[in-house]
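Thanks for coming. I will go through one structure today, starting with its core, then its rings, then its pocket.

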Amino acid sequence: MKYIKKCPNCGQVIETYRNPFPTVDVVTFVPPFSVVLIKRKNKPFGWALPGGFVDYGESVESAALREVKEETGLDVSLLYLLGVYSDPKRDPRFHTLSTVFVGIPLDLSQLEAGDDADKARIFSLNQLPNLVFDHAKILQDFCYKMKISEDIKC
């Protein structure tokens, strides 16, 4: 979307564009039926998948690995791209576009909350807390793609 502004010094028209913010999220899968979630320190408060903003000059894959490490202390191996989630209402603060990966932790003993995560925990897909953003939908899509048993109530 294009916005027209005027320079406060010379009055010349400056064209600006308003675009979604690129983000990443990672379904950190702990086989057979669990995932790592973080409890957010910042608004919106609540439980979420590890993730965050892509830095300028950074690939989405690098951002995903960095965000999981910063928020959970875990190094992960990214297995595949689950999807791109771009509903303008997915984040109540502003329009974000999230590239979501599925990853597997290399050493669960390193699990520790960090950065903007108040807590980091492993949850069974059958006993998930209330999730912020669209992370419940993302986990439903993950369960569908993984063909996880109907006994699991993602």
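This is a predicted model: local features need pLDDT of at least 70, side-chain atom pairs count only at pLDDT 80 or more; totals for chains, interfaces and linings use all residues.

**Core, rings and pocket**

The largest nonpolar core has 18 residues, and Val 27, Leu 82, Leu 139 and Phe 142 have the most contacts inside it. A nonpolar core here is a set of buried Ala, Val, Leu, Ile, Met, Phe, Trp, Tyr and Cys residues joined through side-chain atoms within 4.5 Å. Buried means under 20% relative accessible area, exposed over 50%, and partly exposed in between, with a 1.4 Å probe and protein chains only. At least two residues of this core come from each of E3, E4, E7, E8 and helix H2 (135-146). H2 gives the largest share, 4 residues. Helices (H or I, at least four residues) and strands (E, at least two) are DSSP runs, numbered from the N terminus.

Residues are numbered from 1 along each chain as its sequence is written, and side-chain values use heavy atoms, with hydrogens and water left out.

Now the rings. The structure holds 5 aromatic pairs. One of them is Phe 21 with Phe 53, edge-to-face, at 6.2 Å centre to centre and 85° between the planes. Rings of Phe, Tyr and Trp (its six-membered ring) pair if their centres lie within 6.5 Å; planes under 30 degrees apart count as stacked, over 60 as edge-to-face and the rest as tilted. Phe 21 is in strand E3 and Phe 53 in strand E6, so this pair ties together parts 32 residues apart in sequence. Phe 53 counts as partly exposed because its relative accessibility is 32%. What is the geometry of the rings of Phe 53 and Phe 94? Their centres are 5.9 Å apart and their planes at 55°, so the pair is tilted. Phe 94 lies in the loop between strand E7 (76-85) and strand E8 (96-105), so its pair with Phe 53 ties together parts 41 residues apart in sequence. Phe 21, Phe 53 and Phe 94 form one aromatic cluster.

Last, the pocket. The largest pocket is lined by 22 residues, with Arg 40, Gly 51, Gly 52, Arg 93 and Phe 133 nearest its centre. On a 1 Å grid over the protein atoms alone, a pocket is an open set of points where a 1.4 Å probe fits, with protein on both sides within 12 Å along at least five of seven lines; lining residues have an atom within 4 Å of a point. Strands E3 (21-30), E4 (34-40) and E6 (51-53) and helix H1 (60-72) each supply at least two residues of that lining.
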